[in-house]
Amino acid sequence: MAEGNRTRVGEFILMSFSSLPTEIQSLLFLTFLIIYLVTLLGNSLIILVTLADPMLHSPMYFFLRNLSFLEIGFNLVIVPKMLGTLLARDTTISFLGCAMQMYFLFFFGAAECILLATMAYDRYVAICNPLHYPVIMNQRTRAKLAVASWFPGFPIATVQTTWLFSFPFCGTNKVNHFFCDSPPVLRLVCADTAMFEIYAIVGTVLVIMIPCLLILCSYIRIAAAILKIPSAKGKHKAFSTCSSHLLVVSLFYVSSSLTYFRPKSNNSPESKKLLSLSYTVVTPMLNPIIYSLRNNEVKNALGRTFRKALGLRFCIP
């Protein structure tokens, strides 16, 4: 229904990778399908193993389990629709569907940023205060930290999504992305969005940079504590407990920061799609692989779980 040059949009069209040849799109579909299945399987295994194995009931694995829930949520919000656009060429998404996709993207993104900072604090306590670690990170404290990680996503997602979708849209309804992210949807708005853009920039800086600074401070203290350990074996053991988390943090923050903090002049839609793929599709797949390959406790627990499932009653040597 038109009002002057304004249109009440009922659906959006996700441009996704429509500019690529059909053969390339089919190859992308197979690639993303494999990544999607590996992500679901890997993160589900982390959740099941950390719940089933008594050796993995420590705070570190409690937070890892929460991270795996977030990664599964991230993928369920974005990847199925992307696979549909590549396979069935179904590029349309309803107004409500676009809003819900953006809402949960903001929710899971904010929660992951804060949870990664919480995991850094857990490592800080474990290495800098090992004798008091069980007391400080007791069951009640870790539950509060988990709630504190998940809860901010609700108001952040509610305010930003409701505000953006309250604007009038005009002209084209084509979103030049493979999901409903804020910047490409904002380009379709025919109203003054200056205040919203200021809010979005401030919110993004707070959500990304404050947890990042907390992580940095934690690891500075951790590094100082590790350097004071006299034996090389002790230093290696202490560092190994942090290496997986450091790698995950680096992957997530580098890709998300490059996506949202690059100058507009250097940020073409195609390059932004590639960067978005790294933190929305690739990183959730790599997280369980990183924690499994670099952590002997997880590898041993996986072995014990599989052997129990097969009915073999013997211990891992």
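Colleague: What makes C212 count as buried, partly exposed or exposed?

Modeller: Bear in mind first that this is a predicted model. C212 has a relative accessible area of 27%, and since buried means under 20% and exposed means over 50%, C212 is called partly exposed.

Colleague: How do you know whether the sulfur of C212 is in a bond with another cysteine sulfur?

Modeller: The closest cysteine sulfur to that of C212 belongs to C113 and lies 8.9 Å away, whereas a disulfide requires two cysteine sulfur atoms within 2.5 Å; the separation is therefore too far for a bond.

Colleague: Why is C113 called buried?

Modeller: Its relative accessible area is 3%, and because the label buried applies under 20%, C113 is placed in that class.

Colleague: Why is the link of C98 and C180 called a disulfide?

Modeller: The S to S distance between C98 and C180 is 2.0 Å, and a pair of cysteine sulfur atoms within 2.5 Å qualifies, so C98 and C180 are taken as joined by a disulfide. Applying the rule gives a count of 1 disulfide.

Colleague: What does this pair tie together along the sequence?

Modeller: C98 sits in helix α3, which covers residues 95–128, while C180 is found in the loop between β5 (174–175) and α7 (182–186), so the link connects parts that are 82 residues apart in sequence. The angle about the S-S bond is -120°, and the link is left-handed.

Colleague: Are the two partners, C98 and C180, buried or exposed?

Modeller: C98 has a relative accessible area of 0%, and C180 likewise has 0%; because the limit for buried is under 20%, C98 is buried and C180 is buried.

Colleague: What makes up the lining of the largest cavity, and what volume does that cavity have?

Modeller: The search of the whole structure finds 1 cavity of 30 Å³ or more, and the largest cavity, at about 50 Å³, is lined by M60, F63, M119, D122, R123, H245 and Y291. The elements that give two or more residues to this lining are α2 and α3, and the largest share, 3 residues, comes from α3.

Colleague: How many nonpolar, polar and charged residues does the lining of the largest cavity have?

Modeller: There are 4 nonpolar, 1 polar and 2 charged residues in the lining of the largest cavity.

Colleague: Which residues are closest to the centre of the second largest pocket?

Modeller: That pocket has a volume of about 430 Å³, and of its 16 lining residues, Y61, S240, T241, N295 and E297 are the closest to the centre. Two or more residues are contributed by each of α2 (59–87), α3, α9 (232–261) and α11 (296–309), with α9 giving the largest share, 4 residues. By class, the lining of this pocket has 5 nonpolar, 7 polar and 4 charged residues.

Colleague: For the chain as a whole, what percentage of contacts between residues at least 6 apart in sequence join residues at least 24 apart?

Modeller: Among those contacts, 76% join residues at least 24 apart. The chain comes to 11 helices and 5 strands, and buried residues make up 46% of its 317 residues.

Terms used: Residues numbered from 1 in each chain as written. Predicted model: local features only at pLDDT ≥ 70, side-chain atom pairs only at ≥ 80, totals over all residues. Heavy atoms only, no water. Buried < 20%, exposed > 50% of the residue type's maximum accessible area, 1.4 Å probe, protein only. Contact = heavy atoms within 4.5 Å. 1 Å grid on protein atoms, 1.4 Å probe; cavity = no way out; pocket = protein on both sides within 12 Å on 5 of 7 lines; lining within 4 Å. Points joined across faces, edges and corners; volume = space filled by probe spheres on them. Nonpolar A, V, L, I, M, F, W, Y, C, P; charged D, E, K, R; others polar.
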